[in-house]
Amino acid sequence: GGKERVEGGGVGVDVERGEHLAHFAARQRAAAVGVEHGKRGAQLLVGADAAALDALFAAADDDASGALSLDELRTALARHAFYAVERGRHYVALTLDEAAAIRRCMHAARHAGRPLLPSAPRARVALRIAGTSAGAAGALLGGCAPFEETADFPPGSSYQREMAMQCLRFIDSDTDYGDRQLNMLLRALESNACDARAVFFDATRARRRRRRVAWQLTSLARVFVTPDQYHLLRVRATVARLRTLLR
């Protein structure tokens, strides 16, 4: 009986005391910080099915015991191991002229049978066009498949692509976000202080001619008053626990 406090990455979670947590129980803790699982695939922030989620927990299971110890859970939370964010993958917003120039370079390199960047032969590049998402800059990624890419370009996770899209929407001064989109934006901006986020957003929007709505009256306000996703953890952990008890 009793409970123990799990701390990691700014997170505190009360869990039943014991040497290990079964993977199912660990899923409930992960759901509290935004990695949800279940029948609704749209809620699975890593953009994968249950098997892929199990693989993530297996990766966090350092001793391959088939369960997560409290220390392993602390470590996984601290290093954001549950999120499918690939190091070395970058998303860049381009003007039409810049994209056209890069596309010409890609064609020239392909016809010459050489890497796009001779100094970095392992580099891979893909170009995407605007989709149907809100915001002009945010639409750049839009969920569309690349229309041009170098050979062997790895597609990466839909989760990381969506996070990049929300960042571009933020730069585009968009203020209309759903809960999932806000969570992704918070994760991307959590290393920046709330005041710095507001200063950047206001300065960027001041240079646009479009009609301005006070962000305090929009869903985006949460990003300027919530330091990081873990400040929402208590409510999420409670909801995850109730779901488990109601089954």
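1. Helices (H or I, at least four residues) and strands (E, at least two) are taken here as DSSP runs, numbered from the N terminus. By that rule, M165 belongs to helix α5. Buried means under 20% relative accessible area, exposed over 50%, and partly exposed in between, with a 1.4 Å probe and protein chains only. M165 has 11% relative accessibility and therefore counts as buried. Its C-alpha lies 10.0 Å from that of A93, a residue 72 places apart from M165 in sequence.

2. The model is a predicted one, in which local features need pLDDT of at least 70 and side-chain atom pairs count only at pLDDT 80 or more, while totals for chains, interfaces and linings use all residues. Residues are numbered from 1 along each chain as its sequence is written, and side-chain values use heavy atoms, with hydrogens and water left out.

3. Overall, the protein has nine helices and six strands. Of its 247 residues, 36% are buried. Contact means heavy atoms within 4.5 Å. Taking contacts between residues at least 6 apart in sequence, 62% join residues at least 24 apart. Accessible areas come from the Shrake-Rupley method with a 1.4 Å probe, and for residues only the protein chains shown count as cover. The protein exposes about 14100 Å², and carbon and sulfur atoms supply 56% of that area.

4. A nonpolar core is a set of buried Ala, Val, Leu, Ile, Met, Phe, Trp, Tyr and Cys residues joined through side-chain atoms within 4.5 Å. The largest such core has 12 residues: F170, Y177, L182, L185, L189, A198, F201, W215, L220, A221, V223 and F224. Helices α6 (179–189), α7 and α8 (221–225) each supply at least two residues of this core. L220, leaving out residues up to four places away in sequence, touches F170, D174, T175, Y177, L182, L185 and F201.

5. Rings of Phe, Tyr and Trp (its six-membered ring) pair if their centres lie within 6.5 Å; planes under 30 degrees apart count as stacked, over 60 as edge-to-face and the rest as tilted. Five aromatic pairs are found by this rule. One of them, F170 with F200, is stacked, at 6.1 Å centre to centre and 10° between the planes. This pair links distant parts of the chain, with F170 in helix α5 (residues 158–171) and F200 in helix α7, 30 residues apart. F170 is buried at a relative accessible area of 5%, whereas F200 is partly exposed at 40%.

6. F170 also pairs with F224: the ring centres are 6.1 Å apart and the planes stand at 45°, so this pair is tilted. Because F170 lies in helix α5 and F224 in helix α8, the pair ties together parts 54 residues apart in sequence. F224 is buried, with a relative accessible area of 6%. F170, F200, F201, W215 and F224 make up one aromatic cluster.

7. T204 sits in helix α7 (residues 194–205). Its relative accessible area is 18%, so T204 is buried. Apart from neighbours within four places in sequence, T204 is in contact with I171 and S173.

8. The last point concerns helix α9 (residues 233–246), which contains L245. L245 counts as exposed because its relative accessibility is 55%.
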